[in-house]
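Take a walk through this structure, from the annotation to the chain interface.

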Number of protein chains: 2
Amino acid sequence: MRSFNYDIPTKVYFGEGKIKYLPELIHTFGTKVLLTYGGGSIKRNGIYDEVQELLKDCEIIELSGIDPNPRIETVREGARLCKEHDIDVILAVGGGSTIDCSKVIAAAAKYDGDAWDLVMDGRLITDALPLVDILTLSATGTEMNTNGVITNFDVKLKKGTASYHTYPYASILDPTYTYTVPANQTSAGTADIMSHTLENYFQEEDNAFITDGLSETILRACIKYLPMALENPESYEARSNLMWASTMALNGLTSMGKGGGWTTHPIEHYLSAYYDITHAEGLAILTPRWMKYILSDKTVDRFVKYAQNVWNIEDSGDKFKMAEEAIEKTYQFFVDNGLPMTLPEVGIDSDEFFMEMAKGTEERLSRAYVPLNADDVVEILNRCMTEGYN
Amino acid sequence: MRSFNYDIPTKVYFGEGKIKYLPELIHTFGTKVLLTYGGGSIKRNGIYDEVQELLKDCEIIELSGIDPNPRIETVREGARLCKEHDIDVILAVGGGSTIDCSKVIAAAAKYDGDAWDLVMDGRLITDALPLVDILTLSATGTEMNTNGVITNFDVKLKKGTASYHTYPYASILDPTYTYTVPANQTSAGTADIMSHTLENYFQEEDNAFITDGLSETILRACIKYLPMALENPESYEARSNLMWASTMALNGLTSMGKGGGWTTHPIEHYLSAYYDITHAEGLAILTPRWMKYILSDKTVDRFVKYAQNVWNIEDSGDKFKMAEEAIEKTYQFFVDNGLPMTLPEVGIDSDEFFMEMAKGTEERLSRAYVPLNADDVVEILNRCMTEGYN
């Protein structure tokens with residue numbers, strides 16, 4: 001097991017009705033609130049009204065319309081509002097995009113230069129406004145980590161930044177707030193949870209027993225509860241387990257004692273930056289092709305562990321057959337739950353920028369579980385153009 | 001899944017050599033340190049000298065000789081030293097007893113009345129000195145929770161107290177510091193880890209999928225790594241996994257979404273308070289008898305889950321047979337790893353106080369997974385007098 005430090009200051013309030021803690025959490029810091037959110041869904045499902053009612057003694061400035069793949073322009077606008085209105089605390093209501101964007105706004109509000117500096121170098125973040133969030137989508141795990149991923153279309157770059165200062169102070173996780181999440185977003189969110197878990201699971205360190213067991217549990221939770229949530233969107237059992245899976249998949253616990261670079265995320269960030277596709281759909285498309293591409297004598301034992309402990313595939317003695325079956329099941333699970341599984345289905349029907357994007361990933365992928373170069377990435381992207389994962 | 005709040009401020013530094021963080025952690029609060037420890041083992045294995053060297057710019061007051069089942073008298077003495085020397089921070093070096101005792105010292109140092117008040121009612125703890133610890137035994141999980149269990153032999157009471165203020169500020173977990181732990185303490189410590197996990201696992205809530213999966217993982221880690229640690233006491237793989245198992249078993253994650261009262265701990269606390277036995281040996285003795293006693297139509301499904309997911313017992317279709325096999329394996333695992341498995345083996349050869357102790361447990365056991373009254377407890381204790389778990 002590798003060495004690690006664990007230090008997660010975020011407080012989590014999990015369960016139906018936990019929004020009751022909101023006034024107390026906000027008042028810890030003051031009454032001038034920047035409320036951030038995306039489209040109008042929080043107005044349709046009543047959360048917006050609930051927040052206004054609970055915080056009626058606060059002065060609320062709004063920043064709405066935060067996009068999926070949130071833009072640096074939005075961060076700049078948020079930071080400007082914080083400075084102009086002397087905001088005490090940011091309240092983000094939404095999914096990963098809104099919360100990610102709000103983290104960087106919180107940091108930029110305490111920074112004199114341009115917000116993009118903070119994305120390019122998280123070490124420049126030396127302070128941030130406190131952030132409270134209400135999660136409305138089980139997916140990114142942003143509710144209990146430091147990560148904020150921001151896109152700058154001017155330079156075609158989607159990049160994550162992080163700092164101890166960007167941990168949310170508190171996250172309110174009410175599974176009932178995800179009852180109205182549409183099927184395609186429920187599936188994409190679950191693919192995101194699985195991808196985070198798989199990126200940490202497929203690493204060289206084999207002796208982090210508890211960490212691997214937790215990852216396998218999270219993956220099995222996704223496999224069990226995604227179909228249940230699609231079948232019955234108001235299943236508290238399904239929605240609560242997916243929500244806790246989201247948080248546990250990326251709060252650090254699935255990398256304790258492991259560590260190492262990721263693969264599908266760096267590639268997907270280029271797809272999103274060039275084509276503005278849904279992050280998790282890109283991950284779902286890439287994952288089985290990446291798995292198949294890196295399957296080798298060196299990696300097969302970990303695939304066998306994945307096959308047995310996640311997909312209950314019996315030990316046939318043929319390790320490669322077991323590994324391939326696990327990859328097939330991964331692919332088929334995404335298909336069965338309605339995810340688009342080729343790049344043309346998400347609007348990418350040309351390989352025009354494949355090499356350009358692949359070159360951009362090279363530095364990070366040199367540190368991946370199986371290091372890949374630009375040619376490898378182009379090959380993986382080509383395999384994403386048609387059905388099947390070979 | 002039940003609702004819960006998660007808020008664990010303790011920082012964990014895990015891995016060989018992490019003691020390097022000690023000066024920085026201590027200096028966060030000052031230079032006047034109360035160093036607490038138990039017997040002389042930290043002098044024999046070199047940790048004591050390492051601490052002195054790293055903190056040579058500090059003024060260190062020592063409180064040594066903290067007993068297993070730490071006494072309220074020791075807490076009072078520690079609090080007195082803190083007040084007399086205007087201590088800035090407590091450094092506890094040891095296992096559960098030393099750290100538990102130090103938590104209550106930290107609270108008592110900020111309290112005007114008698115320290116026993118704080119054990120009887122944790123709500124009286126409104127402040128505490130900061131506590132840093134260096135763990136030397138994988139067992140109680142105290143390194144990442146609020147619990148402090150203190151014994152008052154005058155009133156024959158062993159009782160836990162807790163407060164948000166008694167979370168350690170930071171815990172240094174270096175698995176190599178457990179290389180010299182003797183076999184019997186290694187086994188007892190692992191039984192403690194398993195007991196914490198089982199107390200949370202055997203609860204009514206069945207839909208906390210990730211929490212249950214984590215518990216099963218921790219139990220499997222204990223089953224895999226205890227024999228490895230006994231075989232090779234300097235196995236980093238075994239010692240590191242047992243150490244992380246200890247922490248994860250009782251930092252709150254194995255009860256998220258579950259909850260409910262414990263059973264073997266309240267009973268064992270009376271055994272320790274009356275007979276000063278080793279806590280975890282009492283738990284190991286009680287656990288299989290408790291399991292057998294509560295096995296019924298109502299609980300059998302959870303035992304089947306335990307049988308399949310922890311002990312890899314195949315589905316034979318006979319649920320009670322599977323459950324009994326799992327209990328038998330639990331009992332045999334403790335036997336195989338050298339734990340005393342009857343009360344006479346730990347010096348309790350009379351049932352004289354069984355009813356008196358059992359009456360003391362009644363209030364807490366009325367809220368247990370399967371509520372038990374004093375007669376039930378006496379019956380369980382009687383079954384602990386001879387070998388076998390029936």
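The paragraphs below take up the annotated domain, the cysteines and the interface.

This is a predicted model, in which local features need pLDDT of at least 70, side-chain atom pairs count only at pLDDT 80 or more, and totals for chains, interfaces and linings use all residues. Residues are numbered from 1 along each chain as its sequence is written, chains are lettered from A, and side-chain values use heavy atoms.

UniProt, in an unreviewed entry, places "domain: Alcohol dehydrogenase iron-type/glycerol dehydrogenase GldA" at residues 9-175 of chain A. Such annotations may be inferred rather than shown by experiment. The end C-alpha atoms of that span lie 22 Å apart.

Next, the cysteines. The whole structure holds zero disulfides, a disulfide being a pair of cysteine sulfur atoms within 2.5 Å. A:C222 is buried, at 0% relative accessible area. B:C222 is buried too, at 0%. Buried means under 20%, with a 1.4 Å probe and protein chains only.

Now the interface. Here 40 residues of chain B contact 40 residues of chain A, with heavy atoms within 4.5 Å. The two chains bury about 3,500 Å² between them, 60% of it on carbon and sulfur atoms. This is accessible area (1.4 Å probe) lost on being put together, summed over both parts. In chain B, B:M1, B:F209 and B:I210 lose the most area to chain A.

Two salt bridges cross the interface; the rule asks for a side-chain nitrogen of Lys or Arg within 4 Å of a carboxyl oxygen of Asp or Glu. B:K11 forms a salt bridge with A:D7, the closest N and O atoms being 3.2 Å apart. α8(B) gives the most to the side of chain B that touches chain A, with eleven residues.

Notes:
Helix = DSSP H or I, 4+ residues; strand = E, 2+ residues; numbered from the N terminus. Buried < 20%, exposed > 50% of the residue type's maximum accessible area, 1.4 Å probe, protein only.
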